[in-house]
Amino acid sequence: MIVINSLIIILTILGSLFALLAAVGVLRFPDVYTRNHAASKSATLGITCILLATFLYFWFVKGEVFTSTLLGIFFILLTAPVAGQLIARAAYYSGVKLWDKSGRDDLKEKAKAYQTEH
Amino acid sequence: MKKRKPNDLVLQTVTKVVSFLIILFSIRMFFAGHYEPGGGFIGALMTSAALVLLLLAYDAKTLSTILPIDYKIITAIGLVFAIGTGVGGVLFDVPFLTHAYDKFYLPLLGEQTLHSALIFDLGVYLGVIGVTLTIIKTIGESE
């Protein structure tokens with residue numbers, strides 16, 4: 001019991017820390033792409049940890065198995081990175097500049113071809 | 001000028017998996033409505049959200065190939081279900097919209113209570129799907 005309880009506590013705290021880190025990253029990072037990187041990755045992991053803690057709490061403490069939380073974890077893990085990719089791609093093709101110190105831009109030729117077409 | 005096809009591979013592949021998940025969860029919501037949070041309205045909104053996701057990832061033509069349905073007719077069928085459960089009460093000499101239930105033995109599920117409110121809820125479900133998708137498709141197709 002104490003193992004499960006401490007696991008629940010650790011997962012909850014870890015998840016909220018990840019979510020907080022995502023928020024700090026969105027505030028502190030310089031351009032859209034790095035902010036998107038922080039928000040999509042860190043927040044996804046944070047929500048996964050918190051949902052897992054919820055599942056364990058209801059399973060071992062309340063004695064009910066809520067499979068919808070597991071479905072929620074699967075759903076978040078599947079969709080959040082795709083949302084991040086779509087936001088970053090939409091930003092890139094609508095011409096948002098990269099941070100001045102970033103060194104590589106592999107999509108430059110493709111974006112130029114795309115913009116002359118439209 | 002030749003228009004390049006948009007490269008939506010990631011979105012379309014994920015939509016193939018996710019829309020089935022959303023529709024399954026919405027059906028679960030629909031049947032859970034009597035004892036848990038859920039019901040016809042939320043289930044229908046979630047089903048139409050899955051169909052709207054298909055509309056976003058593909059286009060209106062693809063969706064009408066997958067589901068060749070006129071959504072206005074769906075709305076009408078839903079209203080007929082909802083009114084039909086009400087009139088069904090009148091036939092048994094009780095007031096309009098009186099519901100009934102009984103226990104049945106179903107082949108796989110064992111003893112289950114079937115309630116005629118489920119049919120009313122099915123009417124709400126079909127009606128909401130029909131109205132939502134009619135609105136969205138009408139707005140989406142006008143230029």
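Modeller: A residue is called buried under 20% relative accessible area, exposed over 50% and partly exposed in between, using a 1.4 Å probe and protein chains only. This is a predicted model, in which local features need pLDDT of at least 70 and side-chain atom pairs count only at pLDDT 80 or more, while totals for chains, interfaces and linings use all residues. Residues are numbered from 1 along each chain as its sequence is written, chains are lettered from A and ligands numbered from 1 in the order in which they are written, and side-chain values use heavy atoms, without hydrogens and water.

Biologist: Is Phe30(B) buried or exposed, and is Phe31(B) buried or exposed?

Modeller: The relative accessibility of Phe31(B) is 52%, so Phe31(B) counts as exposed. For Phe30(B) the value is 7%, and therefore Phe30(B) counts as buried.

Biologist: What kind of ring pair do Phe30(B) and Phe31(B) form?

Modeller: Rings of Phe, Tyr and Trp (its six-membered ring) pair if their centres lie within 6.5 Å, with planes under 30 degrees apart counted as stacked, over 60 as edge-to-face and the rest as tilted. Because the ring centres of Phe30(B) and Phe31(B) are 5.0 Å apart and their planes stand at 65°, the pair is edge-to-face.

Biologist: Which residues do ring pairs link with Tyr92(A) into a cluster?

Modeller: Tyr92(A), at 12% relative accessibility, counts as buried, and Tyr93(A), at 18%, counts as buried too. Ring pairs link Tyr92(A) into a cluster with Tyr33(A) and Tyr93(A).

Biologist: How far apart are the end C-alpha atoms of helix 2 of chain B?

Modeller: The expected span is 1.5 Å times one less than the number of residues. The 18 residues of helix 2 of chain B should therefore span 26 Å, in agreement with the distance between its end C-alpha atoms, 26 Å.

Methods: Helices (H or I, at least four residues) and strands (E, at least two) are DSSP runs, numbered from the N terminus.
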